[in-house]
Amino acid sequence: MVFIATPNHKTLTLNLNPKTTTLLTLKHQIQQTSLMPISHQRLFLSQSLHLSTQNDAALLSDLGIGPLSTLTLHTPFLGGTQPHRYAFLTAKPPPNYVAGLGRGATGFTTRSDIGPARSTPPPIGAVRENPDDEDKGYDENQKFDEFEGNDMGLFSNAEYDEDDDAADAVYAAVDERMDSRRKERREAKKKEMEEKSDAENPKKTPEELKRKLRSVSVKEWESLPEMGDYSWKNRKRRKFESFVPVPDTLFEKARLERQHVASVDPMSTDLTALGEGKGTVMKLKLDRLSVSGLTSVDPKGYLSGLLSMNMNVSTSSDVSDIKKTRQLYRSVRESKPKDPCGWIAAARLEEMVGKLKEAREIIKQGCHMCPKNEDVWLEACRLVTPSEAKVVVAMGVKQIPNSVDLWMRAVDLEHDKSNKKKVLWKALDQSNENLRCVRLWKAVMDLCHEDDKDMKVLLHRAVEVCPLEVQFWVALARSESYEAAKMILNNARVHLPKERAIWVEAAKLEEARGNVSKVGKIIERGIKLLQEQGLVNFRETWMKEAEKVERAGHVAVCQAIIQNSVGVGVEEEDRKRTWLADAEEYMKSGSIETARAIYAHALTVFLTKKSVWRKAAMLEKSHGTKESLDALLRRAVKYLPQVEFFWLMAAKENWLAGDVNAARMILEEASKSLPNSEEIMLAAFKLEFENHEQERARMILDKTRARVDSGRVWMKSAILQRELGNSDEEKKFLEEGLKCFPSFFKLWLMLGQLEERLNHFEKAKAAYESGRKHCSNCIPLWLSLANLEEQRNGLSKARAVLTTARKKNSRNPELWLAAVRAELRHGNKREADTLMAKALQEQECPNSGILWAASIGMVPGPQRKTRSLDAYKYCGKEDPHVNAAVAKLLWHERKIDRARTKLNLAVTHAPDIGDFWTLYYKFELQNGTEDTRKDVLERCVAAQPKHGEKWQTISKAVENWHQPTEAILKKAVKEDAATAQNQQ
């Protein structure tokens, strides 16, 4: 193997043996790979060692080139790279030549004709003043080139050959490389300029422009000029308009057309022209029927055209068209009496116009003229009465005994099941061709029950005469015993070696027998043999088969198929991504066992991949049992003991299932594997705390503070003391925690709230002020300080705090909403509207859902619909706050179904906000049924909401710490109803 470094900074790899390859062979290989001619190749083994062309016959090993050697390829830069020009463009003009003289363009002279002081060419035969001057081969006075100057013709006479082409290719590669280096910077600059232009000149929607029309006065509206017709079409038409006097012949023709003639004077009437006109009308009507003549016939075209015609005979013209069509099909039948299309079309024409008797007579003649065509007989069966149809079918099968359609038509005419069987048996006995017809055998089997004794006999006979029909083999195997079914499937595999259904049926047979261990071996062998056949879409076909088998209830077969086919045709580096994508796709389609089998196979390959274990665990959590999830998580912590997620998930699932001791044991094992894990220790504390084991929780926190130094640990210690009612110990833990973690804002909040509960308002204010200095971006601290100032010192102090907060935390919707609500609480409606307008400006929070929701509630009733549309425009149709506000509006208007839809959207897009669940449950209590209330309650418990302004006020109260989600939801609804009643 030899490597070649090319001039465009790429490396060619040539699989050559230096001991058996000559230098000339190497150059030929380079020419085939890079399309560079041998004459342009300059090979260097080093910077000074050039491989000359004299050594072309020498072996590469003799020149010092070994395996894995790297040669440098150079290209000489040759002159004459200008494109070939026409010879007359650079040739010297003949003596006394004057441009344009031949075409008479000599009436004027311009500077370009004179040129830069060009002298007159010497006359013929004149002697040069300086004969030593050589002909330069180009015209010095030719047109000046703005890019190359007067030197553009320096190499214009040189031939443009392959060397020039190769050199131009090198230059083009260099230009492309330089352009790609500047491309990112150029595109970034262009994007920046576009964003700047959009910011300076924002695009306005038609709705915004229409709203501005409100300010237009009536006088301004009436002063608008009328818009004329300036379209290009009418302008072009008016351009060619001309007005000329009308000739007298036109008036005379109009007078004659208005005359009414009661009789025709043969002396004054041109009967030849009248006949020609009648022929023209006939031709137009025939052209409308897609007919060019009575003897040129396309029967299939006639038939399809007739079927598409709508024969509603309502006028005399329609009657005339039918007559012409009838005449046309008569000519078709006469010209081609053996063509069945003409007979069928003529019969259908008569049927459409209501002449059923004529149609039956025509099709009867068609059966006589075309006795070997089944379409004619089938059409005759359709047109005749049901009693006569049997006779017609009997005559048809006598003429065409191999026509399956006629036999099936005969079966349809019979009403008794036994008679149907007789007809089918007669059809099968009619000929060997019918005996091998799969359609007839299926029709016979459809008339028999699965437990019918004749079914096995039929299936045995069917596989004998139709050995290539896999459905017969499968049905026969299912009707036999275990041993007989095995022999039947082995025999089927001999006749159909490429049919996968036989292998799948054999695996199903073993699974039904209870031999699960043999299922995998059968599928593995079948896939291996079929893979050798080179079938197309092999992997996708087997994956679909696994999904089909799962729906049939054969889980073991599904797992075996996935295990042996999921890796076929997948590159090693793409396995993880492909398998995870397949599992998610099958989960969406409801094929849970198929997805579980894919994850199970992936876990055998990727034992240490956290993402694979996590997705498999989520599948078991959603669709599996407690035992399957517990077994999977135990395997996960065995292979990934350092991952906290699986330990925590296993403990939580056991806790939710009511097995506290099992959850406690899992966390103890986790603490041994991860002794310094904060998450594990806090999960153990939460387990004891929620189960009212306060002493155990205290001991765990003491141990955690010694091992892990974290602000959360100090916060949990203070929470435990609040639960026990030890205010002094709580304050002690908070102060010690703040000494170690002054930037942990929750400790400042808890300290301020503790001082408020103890009525130490100045200390609470000091705590909030200190927390604000250390955590200036913490919005809850600003809001707590503003609420305290409003309660103690009035609105002005709270307003000052909120203004300062907005300056330090710009574009924050929570601060704007707090300011608006503070003004509303003190009755300053106008000031609140002003603040809301400022908050929704482009410079602040135009896309905030909580602000738009509050704005909808602030405006008067008639304006709320318009404000809701504006909110959807800026926030989108999926914003939960806007949907909740609109739901309240619809609820007030008694539009119950639409309000329920909006509330469902709100809880779907924001399931963690408890305020939406409170509103939804309250709505269902007043307007829903018991089922809808139960559904909302179950969904809320499953979502486990943690946030929400009103929700957190109730859930974080000390007396509600250990309350379940259901109890908190009902208490929130009760308090919301009480608040609404007080406001009224």
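These are legends for several close-up views of a predicted model.

A note on the numbers: residues count from 1 along each chain as its sequence is written, and side-chain values use heavy atoms, with hydrogens and water left out. Because the model is predicted, local features need pLDDT of at least 70 and side-chain atom pairs count only at pLDDT 80 or more, while totals for chains, interfaces and linings use all residues.

**View 1. The whole protein, before zooming in.** The chain folds into 50 helices and five strands; here helices (H or I, at least four residues) and strands (E, at least two) are DSSP runs, numbered from the N terminus. Of its 984 residues, 37% count as buried, where buried means under 20% relative accessible area, exposed means over 50%, and partly exposed is in between (1.4 Å probe, protein chains only). Take the contacts (heavy atoms within 4.5 Å) with a separation of 6 or more: residues 24 or more positions apart account for 54% of them.

View 2. (The expected span is 1.5 Å times one less than the number of residues.) S868, D870, A871, Y872 and C875 are its buried residues. Their cover includes helix 5, helix 43 (849-858), helix 45 (880-892) and helix 46 (896-909). Just past the helix, G876 adopts a positive phi of about 95 degrees.

View 3. Rings of Phe, Tyr and Trp (its six-membered ring) pair if their centres lie within 6.5 Å; planes under 30 degrees apart are stacked, over 60 edge-to-face, and the rest tilted. That rule gives nine aromatic pairs. In another part of the chain from the next view, W579 and F606 have ring centres 6.0 Å apart and planes at 65 degrees, so they go down as edge-to-face. W579 belongs to helix 27 (residues 575-588), while F606 is in the loop between helix 28 (592-605) and helix 29 (610-623), 27 residues away. Both ends are buried: W579 at 2% relative accessible area and F606 at 13%. The stacked pair is W852 with Y874, because their centres are 5.4 Å apart and their planes meet at 15 degrees. W852 comes from helix 43 and Y874 from helix 44, 22 residues apart. W852 is buried at 6%, whereas Y874 is partly exposed at 30%. Elsewhere, ring pairs join F685, F689 and W961 into a cluster.

View 4. Side chains of opposite charge can pair when their charged atoms come close. The cut-off here is a side-chain nitrogen of Lys or Arg within 4 Å of a carboxyl oxygen of Asp or Glu, and the whole structure has 41 such bridges. In one of them, E678 meets R712, with the closest N and O atoms 3.8 Å apart. E678 is in helix 33 (residues 678-690) and R712 in helix 35 (residues 711-724), 34 residues apart; R712 is partly exposed at 29%. K731 and E755 pair at 3.2 Å, N to O. Since K731 is in helix 36 (residues 727-740) and E755 in helix 37 (residues 745-757), the bridge ties together parts 24 residues apart in sequence. K731 is partly exposed at 24%, but E755 is buried at 3%. K970 and E966 bridge at 3.3 Å, N to O; they are four residues apart in helix 50 (residues 965-983), about one helical turn. R348, E351, E379 and R382 form a salt-bridge network.

View 5. L213, V216, W221 and L224 make a nonpolar surface patch of about 400 Å². Patches are built from residues with over 30% relative accessible area and no salt bridge, joining like charges within 9 Å and nonpolar side chains (Val, Leu, Ile, Met, Phe, Trp, Tyr) within 5 Å. V216 sits in the loop between helix 5 (206-211) and helix 6 (218-222), and is partly exposed at 30%.

Note on methods
Accessible areas come from the Shrake-Rupley method with a 1.4 Å probe; for residues, only the protein chains shown count as cover.
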